[in-house]
Amino acid sequence: MAKDIKPEPIVSINPDSVSVNSPLLMPNANGYLYNPHMLLQVNCRGYAIGQFMQPEPSKYSFAPNLEATTFIQPEHHYYAHHPGRFFYLKDNDTGELISLPYEPCRKQVDKFIFQQQQDAIAWQFKHNGLEIEIRVELSEQYIAERWQLSIINQSEREQSLSLYPYFTVGYQSWMNQSARYVDELNAIVASAITPYQKVSQYYENQELKDSTFLLSDKAPDAWLANQQLFEGEGGLANPDALAKPKLDNLGSHYQVACACMQYQLQLKVGEQFDNTWYFGAAKDLDEISAIKDQHFSSTNASIEQAKFSPCIKVNPQYLSAGNQRLFSFVNDWLPRQIDMHGTTNRLTTDPQTRNYLQDNMGVGFLVPKQARSAFVLAMTQQASSGELPDGILLNSNAKLKYINQVPHSDHSAWLSICLLCYLDETNDASLLTELIGFSDSIHAQPVYQHLLKAIDYLLSKRDERGLCYIEQGDWCDPMNMVGHKGKGVSTWLTLATAYSIDCLLAILTLYLPTELQHSLTEQITKLKVAKQKLNDSVNTHCWDGDWYARGINDDGRAFGVKTDQQGRIYLNPQSWALLANATTPAKKYSLLNEVQRQLDTPYGVMMLAPSYTKMDEGIGRICQKSAGIAENGSVYNHAAVFYAYSLYQVGESDLAFSVLAKMLPNECDQLLRGQLPSFIPNYYRGAYYQLPDYAGKSSHLFNTGTVAWFYRCIVEELCGLKGQQGRLLIQPKLPKQLTKLSGSRLFLGAQIDFEYLKKDIDTPSYWLDDQLLNQAEITGIRSGQHYRLTVHLPRSTLE
C-alpha cells in the first residue's frame with residue numbers, strides 16, 4: 001500500500017521566517033522592511049512599494065505615468081506596470097523565458113517559496129535543475145535596497161543562460177528626466193529634476209535625491225535604460241529586447257526609464273553565479289560612488305538590524321497548532337511591527353497625535369527611552385489651554401498636512417491613557433515632575449500639569465447635556481459631518497474622556513510624590529465628580545435600550561441606534577463604556593449580546609453594522625467609503641483590539657482571547673484572507689451580512705494602532721504580568737482552551753520565567769523561586785536578576 005504523502009503547508013510561521021509556497025493561492029501576500037529612513041513593501045510576485053524620507057515621503061521607483069502623492073493605501077492595487085523588482089532568466093539553448101519571482105511572465109517554476117524574514121525578504125526557486133535564491137535587505141546608511149541573487153546549476157548538463165535584472169524606474173519628472181549607464185560605477189543612473197513653481201522651492205530642492213540608480217557588483221555584459229525599447233511590442237511579459245542576443249546599450253532622454261542589465265552565464269554542472277545589486281535614490285554620482293565604495297569594498301556591508309528587546313516570550317511548543325501560530329506571532333513578529341511604527345512614524349513628518357501616542361505606548365514595552373522622548377515631544381507641542389494638536393511635528397520644517405488640517409476632538413484624551421501604560425512598565429515617576437514648555441508659552445510646567453490641562457480642555461468642550469463635542473471627527477476621522485456646525489457630540493469621546501480621567505487619577509495616586517498629591521486633593525475630588533457626570537450623561541442621553549448610540553449630530557439626531565437602517569450599532573461606544581465602567585451589569589450583558597449578534601464575524605468584530613451604502617450628510621464621508629471597507633463596517637482591528645482590552649477589564653477573558661485570535665489568519669481561512677501571519681493588517685473586509693463574498697479579505701496595510709494594544713493585552717492581561725509602582729502584579733487571564741502557559745518576562749531589567757498550570761484547586765497560589773507568595777505580586781525586583789515564577793490556577797467548571 002502506498003504511503004500517504006503529507007502535503008507541504010501553504011503557509012508556515014517560524015521564529016525567523018513566515019513563508020508561503022505559491023504565488024497563485026495568495027497573490028497579494030507580502031512583507032515589509034524598514035529603517036528610520038525608508039520602508040519597502042514587496043509582494044510575493046515581485047511588485048514593490050518603496051518610500052524614503054527627504055524629509056517628506058518620496059519615491060525612487062515610479063509608475064510609468066505621473067503619480068499623485070498619497071500615503072500608503074489599503075488593499076493596494078497591483079497592475080502590469082506597477083513598480084517592481086524582476087529577474088528575467090532565458091535559456092539560450094531552448095529560448096525559454098521566465099521571470100522571477102513570478103511577474104511579469106507569470107510562468108510557474110518547479111519550486112517557489114516566499115519568505116518574510118526578520119531583516120530580509122527572500123525567495124527560493126527550483127527550475128530545470130537550477131537552484132535560485134533571491135534576497136533583499138535595506139542599507140542602514142543609504143537610501144538603497146540590497147538585492148542578492150545566486151544560481152547553482154544542479155542539473156546534469158552545462159547550461160547557457162542570460163540573466164536580466166529589471167528594476168522599475170518609471171516616470172520621474174515631467175520637467176527633466178534621463179537615464180544612462182556609468183561605466184566606472186557599474187550602474188544605470190536615471191537622473192531627474194523635481195519641478196518647482198516658486199523661486200523659494202528651487203533652493204529647497206537642491207538637496208533632493210532625484211537620481212534613481214541600479215548599482216552592480218559585477219559589470220554587466222549589456223544594459224538598457226529605456227522602458228519603451230525594452231518592451232517593444234511584446235510588453236513586459238515577452239519583451240522585444242530579450243529576443244535579441246544582447247541588450248542594445250541605450251539610455252533614455254526624457255522617455256520613461258528602466259534599469260535593466262544583462263549577464264551571459266555559462267554554468268557548468270555544480271557551478272554557481274552570485275551577484276549583488278543596490279537599488280535606490282541618491283543626490284548625485286558622488287553619492288552613488290560612495291555607496292559603491294562602502295558596500296563593495298567591504299565584506300561587512302551595513303544592513304539595518306533590529307535594535308529592540310521584546311519584553312515577553314511565550315513557549316508555544318506544548319500548545320495547539322492555532323495557539324502555536326498566535327504565540328509565534330507574539331514572540332517574533334508583533335514586536336517587529338510595533339518597532340516599525342516607532343521607527344518610521346508611519347513614514348510622515350506629522351503623525352496624527354493619537355497615532356503617535358498609541359504607537360509609542362507600544363514602543364514603551366520595547367525601547368522605553370524612545371517612548372519617553374516621544375511623549376515629551378508631544379507635550380512640547382501642547383497648547384497652554386491643554387489642547388494637543390492634530391499632528392506632532394517631527395522636525396522644524398514639518399507642517400501639518402492632509403487630515404491634520406481638519407479639527408478633531410480626541411487627541412487630548414490619549415495622553416493620560418498612554419502615559420499610564422508607560423509609567424506602569426517603567427516606573428519612571430520622575431517624568432511627572434519634569435518641566436516642559438507649551439507650544440504657545442515659554443512658561444514650563446511639570447508633566448502632571450500637562451496631563452491635568454489636557455483633561456480640563458476636554459471637559460471644557462461639552463454641551464449642556466455634559467457630552468463632548470465631536471467637531472469634524474474624533475478617533476473616527478471620516479465621521480466629519482456629525483459636528484461641523486458646532487453642536488454634534490460623541491458618545492465615544494465622552495466615555496474616552498471618562499476613561500482618561502481614570503488613567504490620570506491612577507497616575508496621580510500611584511506615581512506622584514505624596515506631598516504633591518496632597519496639594520491636588522481638591523482637583524482629584526473634582527476629577528472623580530467629573531468622571532461620574534460623564535458616565536451619567538452617557539447613560540441618560542446615549543443608551544438606546546440595548547446598546548449605546550455613537551453620538552448625536554448637529555441636528556439633534558442620535559445615530560448608531562435601533563431605528564437606523566445603516567450604521568445601527570457601532571463597536572467603540574460599547575467597548576469604551578466597559579472601559580469607563582459606565583455600565584450596570586444588565587447593560588453590560590445586553591451590549592455584549594448585541595455585539596455578538598450584530599457585529600461578530602469569523603474574521604473578527606466589525607466596527608459598525610450595517611455598513612453605509614448611501615451618503616448621510618448628518619454623519620459624513622464615512623458613508624461614502626465602500627461597504628465593509630475601513631471605518632465603514634470593516635473588521636477594523638484597532639477598534640476590535642479596544643474591545644478585547646475592555647473585555648479583559650470586565651472579566652470576559654475567553655471572549656477577549658477569541659477577539660485577539662481572529663486578528664490573525666488561521667489554516668482554514670488564510671487563503672480567503674490572503675494575509676501572512678507576519679503582521680496584523682489595518683482591517684479585514686467586513687459587511688459580513690451584506691457582502692459575504694468579499695468579507696474577510698485583508699487590507700495588507702501594516703500601519704495600525706492595533707499592535708500596541710494587542711501587545712498590552714498579551715503582556716498585562718493574558719499573561720497577567722503588569723507593572724505598577726515597580727512591582728509586578730500577577731493576574732493571568734487564561735482562556736478555557738489554555739490549561740498551561742509558560743515563558744519569560746523582562747521587567748525593569750530583570751527576567752522572570754513563568755509557568756502557569758491549571759489544577760483542581762479552589763484558589764490560585766503563587767511561588768517565586770519555590771517560595772510561596774502572600775500576595776499576587778513580585779516586589780523588590782532587581783535589575784539583572786533572574787526569577788522563577790510558578791502559578792497554579794483553578795480550572796473552570798466548564799473545562
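Glu137 counts as buried, at 6% relative accessibility; here buried means under 20% relative accessible area, exposed over 50%, and partly exposed in between (1.4 Å probe, protein chains only). The side chain of Glu137 meets that of Arg135 in a salt bridge, that is, a side-chain nitrogen of Lys or Arg within 4 Å of a carboxyl oxygen of Asp or Glu. Arg135 counts as partly exposed, at 28% relative accessibility.

A word on what you are looking at: this is a predicted model, in which local features need pLDDT of at least 70 and side-chain atom pairs count only at pLDDT 80 or more, while totals for chains, interfaces and linings use all residues. Residues are numbered from 1 along each chain as its sequence is written, and side-chain values use heavy atoms, with hydrogens and water left out.

Why do such pairs turn up? Side chains of opposite charge can pair when their charged atoms come close. By the salt-bridge rule, the count comes to 39. Here are three of them:

| Pair | N to O distance |
|---|---|
| Glu137 and Arg135 | 3.3 Å |
| Asp410 and Arg354 | 2.7 Å |
| Lys736 and Asp654 | 2.3 Å |

Let's take Lys736 and Asp654. This pair links distant parts of the chain, 82 residues apart: Lys736 is in the loop between strand S35 (727-730) and strand S36 (740-747), and Asp654 is in helix H16 (residues 653-661). Helices (H or I, at least four residues) and strands (E, at least two) are DSSP runs, numbered from the N terminus. Lys736 is partly exposed, with a relative accessible area of 33%, and Asp654 is partly exposed too, with 27%.

Now for Asp410 and Arg354, which form a salt bridge. Asp410 sits in the loop between helix H7 (368-380) and helix H8 (414-426), and Arg354 in helix H6 (residues 353-363), so the pair ties together parts that are 56 residues apart in sequence. Are these two residues buried or exposed? Both Asp410 and Arg354 are buried.

Salt bridges can also join up: Arg45, Glu103 and Arg106 are linked in a network of them.

Finally, back to H6. The axes of H6 and H8 come within 9 Å and cross at roughly 10°; axes are lines fitted to C-alpha atoms, for helices over the stretch in contact, and angles run from 0 to 180 degrees between N-to-C directions. The contact (heavy atoms within 4.5 Å) is made by Arg354, Leu357, Gln358 and Met361 of H6 and Trp414, Leu415, Cys418 and Cys421 of H8.
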